[in-house]
Amino acid sequence: MYLLAAHWPAAVAVVFLYSVKILIVEDEAPLRTTLLDFLRHSGYICEIAENYEQAHEKIKLYQYDCVLVDLTLPDGSGLDLVRTLKADHSLAGVLIISARGSLDDKVQGLELGADDYLQKPFHLAELNARLRSIIRRRQFQGQRHIMFRDLTIFPDQTLVLVKDQPLTLTRREYDLLLFLLANPNRVLTKEAIAEHIWGDDADMADSFDFIYTHFKNLRKKLQEHGADNYIRTVYGLGYKLETA
Amino acid sequence: MKLLARTNRYYLGLSALLFVLGTGVLYTGLQHALAHEVDEQLQQQRTYLTERIRVTGALPTITMPQELTIDGPTRSESLRDTVIFDPVEHEAVPFRVISFPVTVQGQRHWLTLRKSLLETEDILKVILTVMLAVMALLFGSLLLLNQWLSRWLWAPFRRTLKALRGYQLQQPQSLVLPATPIDEFSELNQAVAQLTQRVAADYRALKEFTENAAHETQTPLAIMQAQLEQLVQDPELPERAVGAVQHVYRAALRLSRLHQALTLLSKIENRQFTDGVPVQLDAVVQEKLRQLQDFMEAKELRLEVGPLAPVSAVMHPGLAESLIGNLLQNAVKHNLPGGLLRVHLRAAALEITNTGPELRTDPMLLLGRFRKHNAASESPGLGLSIAEQICTYYGFRLSYSFIPAGTLHTLRVTF
């Protein structure tokens, strides 16, 4: 079933050379803690703001690489935070998360200069993939290739090397690999993967079978090139990319 | 029928009735008065003649045989009507006649006095002429008066009507109606203004409600989803818990999708999408087909695209995507393995045809909410409802046709 979520290009992962600082602006305590927990585990340095005032103070005082903004705050609108950031010519990337899902908010947010918009509820893995994509786009001095164990990937050329040997992947296999690389050591649920790949079509009956087939093919290709077996199936749940 | 024409019709009816009644009353009244007058005159003449004969002792000389005759003693005394042929005018003329006896030198004579009555026909003619003239004058002036009144007195009503026609619920300012000195219209304006204010308030409340409901529901769902995703990261999670977590997780996702779909539906119904931009529909079709490629390949569908005319429609881009996406998804989802998917886009219509099992139910029922062909499907079955709502919103027509040969189902959006 098609809703209104638009499709963004598949996220691209980077291996960070230095710590990335993120400000989480979210008023709902349980969500805020989960986000904090999740993003810290993913290797970011995180700070939190519970409301507009706190957030405003922090973005005025400190420099962040990315700000995660909830639009509906008890004492103000997240859109005003985006405005403030842009008025200050901040270099921080902006990712809006909103439960309103109102298209006007999305359009307005992106017009104001936000980098991306994610509608609640979202998959944490998807959030991570989007964050990495924003940060990669912002850090031009950063390394433009991704290294993972025996893999090297040049996202700009959609080139994948296994032990320096080029690997030919289909579009879907490549997307899956990048999504895994954005979330190493994390169980990615089939639902999150399906939504990442097919967006609104994710609830079509066969999508899980496709994921299974695509992963089978991806693994086979990697093994044929002598790569380690780092993609693990988590029974009943999904897949996981193991760092060791 | 116009109010004026209807009033005029009643006026005409009433005047005609009054005219007939008036004519009748006037005629009988007039005739009665005239007859009475003639009778009186005849009686006076009789008294005069009787007196003269008594004094002179002689019968009067007959100068006007039409008016006075003297007969033998055969008559009886009477006052009556009669008709006498007028040799001059060659017609029968009504007369009032009185006969009475006189005695001259011991001998009885019968005197008969006659007086011509005004002819009925003449009276009727006069009355009819006068009445008709009066009626025509009355009715004519009423018409003119009404026309003028309706133009002048009803002007505030027309202004109210015009303001109402131009009124849109989404507009921020409330309806402003010009003041009028006429009580009825000013009451109407007041009632209309109150009504629109109430409706606008309801509309705003509804709009806020949908937005708040979306927010209030999606936030807990976001918390559930995030917590569950964190939970499954725990390697210590016992295996029997995994199944439970997965069920809850899927249910939360399903609920979230359902809620998003319902919110979208109510937003379309509340006409909360106002800004339209020209959208290249052919590009949307191609993009959506590309997204569905995996699913089409899995079913080994034969895709026939074309003609794909460069059609542009002024729509909300999100709604255009949703409309075409839902229709294409429907055609893929309900297709047979190795079936056909045909997409035609012309300036007048978008046609999406797919093979599929014959429907046992009325296909238009599938546009209803939560109607699905396969009840066990996880999809909430709102895709076609959304498509239909979007069509209704933009004034498109969504129709379905079925060709038994090859079991081809076609959904057509006529722009």
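Select chain B to begin: this chain of the predicted model has nine helices and 11 strands, where helices (H or I, at least four residues) and strands (E, at least two) are DSSP runs numbered from the N terminus. Local features here need pLDDT of at least 70 and side-chain atom pairs count only at pLDDT 80 or more, while totals for chains, interfaces and linings use all residues. Residues are numbered from 1 along each chain as its sequence is written, and chains are lettered from A in the order in which they are written.

With chain B still selected, colour by burial: of its 415 residues, 21% count as buried, a residue being buried if 20 or more other C-beta atoms, placed from the backbone, lie within 10 Å of its own.

Next, select residues 12-30 and 123-145 of chain B, where UniProt, in an unreviewed entry, places the feature "transmembrane region"; such annotations may be inferred rather than shown by experiment. Residues 12-30 of chain B are 100% helix and 0% strand, with end C-alpha atoms 26 Å apart, and residues 123-145 of chain B are likewise 100% helix and 0% strand, with end C-alpha atoms 33 Å apart.

Move on to helix 5 of chain B (239-269). Its 31 residues should span 45 Å at 1.5 Å a residue, and the end C-alpha atoms are 45 Å apart, which agrees; the expected span is 1.5 Å times one less than the number of residues. Among the buried residues of this helix are Val245(B), Tyr249(B), Arg257(B) and Lys267(B). The buried residues of helix 5 of chain B pack against helix 4 and helix 9 (383-394) of chain B, and also against strand 12 (187-189) and helix 7 (190-198) of chain A.

Now show both chains. Their contact takes 45 residues from chain B and 37 residues from chain A, two residues being in contact if their C-beta atoms, placed from the backbone, lie within 7 Å. Helix 4 of chain B gives the most to the side of chain B that touches chain A, with 13 residues.

Finally, select helix 5 (residues 124-138) and helix 7 of chain A, which pack at an angle of about 45 degrees with their axes 9 Å apart. These two helices are therefore oblique to each other, since angles under 35 degrees count as roughly parallel, over 145 as roughly antiparallel, 65 to 115 as roughly perpendicular and the rest as oblique. Ala125(A), Glu126(A) and Ala129(A) of helix 5 of chain A meet Ala192(A), Glu195(A) and His196(A) of helix 7 of chain A.

Definitions and conventions
A residue is buried if 20 or more other C-beta atoms lie within 10 Å of its own, exposed if 12 or fewer, and partly exposed in between; C-beta atoms are placed from the backbone. Axes are lines fitted to C-alpha atoms, for helices over the stretch in contact, and angles run from 0 to 180 degrees between N-to-C directions.
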